[in-house]
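Student: Could you give me a close look at how the strands in this protein pair up? I'd like to follow the pairs one at a time and see where they lead.

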Amino acid sequence: MQDAAALSIAVIGAGPTAVALLESLIRSRDIIGPDVSLDVTVFDPSPHPWCGHSFAPDRPEALTNTYTNTMSVRHWQPEHAGLWLTANGNAEFAGNKFAPRSIIGQYFKDSAQLAASRLEGFAFIRERVTSLTVIDDRVHLYTQNGGHSFDYAVLSVGRSDKFDPYGLEGQENFCIRSYPLTDALTGVDPDEHIGIIGTGLTAVDLVMALKADKHRGRITLLSRNGLLPAVRPPSFKYELQRFTVKAIEDRAAAKGGVSLEDLVHLVHEELDHACVSPEPLTEEIFPNRYGIDRLRHQLMHIDDDTKAYSILIKTLLVLQDAWYFLNPVDKARAAGFRHIYCSLCCPMPRHRAAGLLGLADAGQLDVVRGVSSMAKDAGGQFVAVAENHPPLHFDRVFSAGSSGNAPDPVAVPLVDSLLQSGQARAHPFGGLDIERTTSRLLDANSRPQPRLYAVGTMTSGAFQVLNGYPVLRLRTGHIAEAMLKHGEESRDRRPTHRAGAVIENA
Ligand SMILES: Cc1cc2nc3c(=O)[nH]c(=O)nc-3n(C[C@H](O)[C@H](O)[C@H](O)COP(=O)(O)OP(=O)(O)OC[C@H]3O[C@@H](n4cnc5c(N)ncnc54)[C@H](O)[C@@H]3O)c2cc1C
């Protein structure tokens, strides 16, 4: 470290998570070491800094799927996003409301600028980081244009936005990236029969944009499971009392890990505590309805008692810690339910569900499950094969599926460099392995690296990342705290220096 009370920090990736990280660093500095000056350099080649892949400028149909009151860049001040929306002429989107994601992107940009102005040093470098290494307590980081060195580095890179399960990239009328919707939908003829690979939130955005464009042709959503995002239940004020990080830590400490049964038991305890029956949840977790059928059923029952479902959604914040402690056999078992969990815990707004149902009832939209292949035929049409269906033909196909937790291709050389040097180790369930409470990278010998941290997609195996912003921003709080404390300890370990300085001054 060059100056005893200065920390130089590299942030790799300038998406929404990086904005929360800047805020968390300032907060931890103010609490832990108000005398520390923070010098932050952010690296990202993206044309839309701070928006990441999901909040860049786009059409309004690219909508948040969570209420804007969950999008604050400050984990300790949930109302921050609402205050910005109100102050910037967007009060109608504040609170329990959904907003065009580009507006939230603007909130991220403004917040980043403000946070940067509160740092003692700040630089933004529009370059991709290709490798890094730690030598003698300094992080040496390289981009295509040269090297830089820092006290600490945080990997905040996201996931790949390309999904091409049937190898259609490059085919005419195949769109591999659905965002920005503005680009993806350019040139669509209103009578074309559209196939959309995927039945998640991106597929819903596409359908809503086609609807806004008064598309007349048929639209078919295709996937293996045919599960649309569930319909978001009415908001329910409740704080988890039993399914908590502390309860999971206690179980893990007592038993050396947790099992799926332990977690199910804790969920049941939570529901008992809230005097809520688990029965409606069982029906959702082991579904026997799919596609439009399930959508119709959910819409019909969304005003019945949905407390159990609302409580399940709230478990998302605790789930990363639960996953971390889960034994490997149960992790493999739980992974088989991921699509159901995603459908339930990343639900869509009710008005969108109603819009989809309207299109289905008009005979314009359907959902097909059991899809096994898609290719282009000699006539230039796409042909999909699905269980219990005659071949399905499309004029144009969009990819709207999830690449799972495959890292952004821009980040792959960097990750490889860390693995090759042994400064990180791969997690058996994907991404890089980390220490749970600090998000420090674990090296090849399982030692936490106090100079290297990761958040988001890179931690997918350790945390089974469900990329909700509230989950990510909370982790940035842990990182900032760990970094500031480590900085303080490093200074405390140099007593002779400090004492000498005091004597000189005296
Ligand atoms: C369609 C969609 C809608 C969503 N809607 C919501 C929502 O409503 N609410 C919610 O909570 N969450 C939502 N999410 C989840 C959302 O992705 C996360 O909340 C958030 O965007 C993650 O941000 P991030 O900064 O971690 O990653 P990203 O947004 O992926 O940003 C990572 C950045 O890292 C940069 N990068 C990668 N490699 C390098 C490198 N080697 N060097 C330098 N820079 C690099 C990239 O260029 C990118 O800008 C949505 C996700 C999708 C896909």
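Tutor: Here are a few ground rules, and then a walk through the strands.

This is a predicted model, so keep its rules in mind: local features need pLDDT of at least 70, side-chain atom pairs count only at pLDDT 80 or more, and totals for chains, interfaces and linings use all residues. Residues are numbered from 1 along each chain as its sequence is written.

The names come from DSSP: helices are H or I runs of at least four residues, strands are E runs of at least two, and numbering goes from the N terminus. Two strands count as paired if DSSP finds at least two bridges between them. In general, strands of a sheet pair through backbone hydrogen bonds, either parallel or antiparallel.

Let's begin with an open sheet of 3 strands, ordered S4-S5-S6 with antiparallel pairing. Strand S4 (129-135) and strand S6 (146-150) are at the edges with a single partner strand each, so one side of each has no neighbour in the sheet. From one strand to the next, the twist averages 20 degrees (axes are lines fitted to C-alpha atoms, for helices over the stretch in contact, and angles between N-to-C directions run from 0 to 180 degrees).

Now zoom in on the pairs. Moving across, strand S5 (residues 138-143) pairs with S6 in the antiparallel sense over 5 bridges. Here leucine 141 has histidine 148 of S6 as its bridge partner, and tyrosine 142 has glycine 147 of S6. S5 and S6 also form a hairpin, with 2 residues between them.

Next, look at strand S17 (residues 448-454). 5 of its 7 residues are buried, so the rest of the structure largely encloses S17. (Buried means 20 or more other C-beta atoms within 10 Å of the residue's own, exposed means 12 or fewer, partly exposed is in between, and C-beta atoms are placed from the backbone.) Strand S7 (residues 152-155) pairs with S17 in the parallel sense over 3 bridges, while strand S16 (residues 440-442) runs antiparallel to S17 and is joined to it by 2 bridges. Keep an eye on tyrosine 453 in S17: it is the bridge partner of valine 154, and it is also the bridge partner of arginine 440. The hairpin of S16 and S17 has 5 residues between the strands, and serine 446 has a positive phi near 70 degrees there.

Finally, there's an open sheet of 5 strands with parallel pairing, in the order S8-S15-S9-S10-S11. Its edge strands are strand S8 (174-175) and S11, each pairing on one side only. Strand S10 (residues 219-222) runs parallel to S11, with 4 bridges joining them; isoleucine 219 finds its bridge partner in leucine 365 of S11.

The protein is divided into domain 1 (6-161 + 405-497), domain 2 (174-229 + 348-399) and domain 3 (245-345), with bounds from an automatic or database domain assignment. The C-alpha centres of domain 2 and domain 3 lie 29 Å apart. Their contact takes 14 residues from domain 2 and 11 residues from domain 3, where contact means C-beta atoms, placed from the backbone, within 7 Å. On the domain 2 side, H14 and strand S11 (365-368) each supply at least two residues, and H14 has the largest share, 6 residues.

Alanine 360 counts as partly exposed, because 18 C-beta neighbours lie inside 10 Å. Leaving out residues up to four places away in sequence, alanine 360 touches Ile292, Leu365 and Asp366.

Terms used: Two residues are in contact if their C-beta atoms, placed from the backbone, lie within 7 Å.
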